[in-house]
Amino acid sequence: MASFDVIFLGGGPAGYVGAIRCGQLGLSTLVIEREALGGTCVIWGCIPAKALLEAASIATKVSKAAEFGVNVGDVKLDFGVAMKRSRAVSTQNSKGVEFLFKKYKVTWIKGEGRIVTPAKGKPATSVTVKTADGKDETHDARKAIVISTGSRVKGLPQAGLELNKTTVISSDQALILEKAPKSIAIVGAGAVGCEFADVFNAFGSKVTVIEVLPNILPLEDADCSVELTKAFKKRKIDVLTGAKLGNVKIGKDNVSMTVETGGAKQELTVDVVLVAAGRAPNVDTIGAKEAGVQLTERGFIKINERLETSVNGIYAIGDVAGPPMLAHKGQREGYVLAEQIAGQHPHPVNYGNIPNATYCHPEVASIGLTEQQCKEQKLDYKVGKFLFSNNGRARTSGELEGFVKIIRGAKYGEVLGAHIIGAHATELIHELAVARENEYTVEEIDLAVHAHPTLAEAVAEAALDSMGKMIHA
């Protein structure tokens, strides 16, 4: 039995960041990861999907190149090449994590880990590993066991959509397709669904987006959802919201179903259905419940403000510890937990100030409360909004869709929420994340001089509009 200060079960964004920080702080650290380092984000999620979205962006821009005086002639799109590049980018990122593990003396065992069920009244301090080459090992954790096993995609068996990896697929299979299907229905219009709608539309697929709730991107501010719906329809993506599926028939080469929206029914037959409707935490095979770790009603691991589970010495971070199921949320948890274990006193994770980011085109990003949430909480607020069509930099690039929307407290001017849809929204949101974290008011945002011409000027103008002082509209 080898002994470490800290053992992480899972090497995704939460686990690998926590492990690297532990290594930096001089803690001997073991990570057990059954796939490649980086987890779902690097291998099957964030990184390869964004590489495909970048390809989609180039395809869209090339189609408009003549407007800028650039004539490229006939353009041939090859989804297979774009997919292979996305896999290469994914591998490169994973190798980068491996390098950092070596740099900070973090040990990685490729395999599946399980917490050893302790004797009654004893703490859980050991982990068994079934290694990739079939060996069984046991290792001891002197200070902490950290569960960072992430989450997995799930089908919609209740709607008749069992994943079969050919005609009914998850985002995992979508990232290894050799060619774009002629037609695809995407069930679930959250961030993942909207991003893949963008990708497949850009590569020539006939795309239908199906969402059971009234709006696509249902967690975002309703104004952003409406704007993205307009943009998708302009690109001839069919958007069906408030939808109910029925009569699903899965064939060898296609899937047919009935889609009911607003009382009207239509028959839909597509080559492929992509199920993008949620994820489930990975807790079933790691021995957590047997060790006494308590779960929530939805199957996530219960944690307190210090990221501790119900069992002393066992912690949980990332997707497995509950929403928001975002890589950057898990990374922050891993960083904070490492410093706690090392005896430092880091600021706790501020769950009210974690940005959302959707990388379709136009991009959507947000921080804080939506306007609907402000209404539900009966807050006294003002809204400022500035359209990118009034922004000089957006005009030069031809990226006129969208806006910046800032919701401020009526009395003190604090930023209650901010919502951006448009080019580079996922970059622009961080000015407002910093503002909220440091309790800046909209007046203080206005005091910062924004360079001209930049898209960031739209943030300043939205702040001005919330005070009734907007200049360029």
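Q: Which hand does the crossing of helix 1 and helix 8 have?
A: A crossing is left-handed if the near helix is turned anticlockwise from the far one by less than a right angle, and right-handed if clockwise. Helix 1 and helix 8 make a right-handed crossing. Helices (H or I, at least four residues) and strands (E, at least two) are DSSP runs numbered from the N terminus. The model is predicted: local features need pLDDT of at least 70, side-chain atom pairs count only at pLDDT 80 or more, and totals for chains, interfaces and linings use all residues. Residues are numbered from 1 along each chain as its sequence is written, and side-chain values use heavy atoms, leaving out hydrogens and water.

Q: At what angle do helix 1 and helix 8 cross?
A: Helix 1 (residues 13-24) and helix 8 (residues 327-341) cross at roughly 30 degrees, and their axes come within 7 Å. Axes are lines fitted to C-alpha atoms, for helices over the stretch in contact, with angles from 0 to 180 degrees between N-to-C directions. The pair is therefore roughly parallel (under 35 degrees; over 145 is roughly antiparallel, 65 to 115 roughly perpendicular, the rest oblique).

Q: Which residues of helix 1 and helix 8 meet?
A: Contact means heavy atoms within 4.5 Å. On the helix 1 side you'll find Tyr16, Val17 and Arg21, among others, and helix 8 brings residues including Gly334, Tyr335 and Glu339. That contact has 8 nonpolar, 4 polar and 2 charged residues (Ala, Val, Leu, Ile, Met, Phe, Trp, Tyr, Cys and Pro are nonpolar; Asp, Glu, Lys and Arg charged; the others, Gly among them, polar).

Q: How do helix 3 and helix 6 pack?
A: Helix 3 (residues 46-63) and helix 6 (residues 191-202) pack at about 45 degrees, axes 9 Å apart, so this pair is oblique. Their crossing is left-handed. By class, the contact has 6 nonpolar, 1 polar and 3 charged residues.

Q: Where do Pro324 and Pro453 sit?
A: Pro324 lies in the loop between strand 16 (314-316) and helix 8, joined to Pro323 by a cis peptide bond with omega about 0 degrees. Pro453 lies in the loop between helix 12 (442-447) and helix 13 (457-466); its cis peptide bond with His452 has omega about -5 degrees.

Q: What is the phi of Lys105?
A: For Lys105, phi is near 60 degrees, a positive value in a residue other than glycine. Look for Lys105 in the loop between helix 4 (79-103) and strand 3 (106-115).
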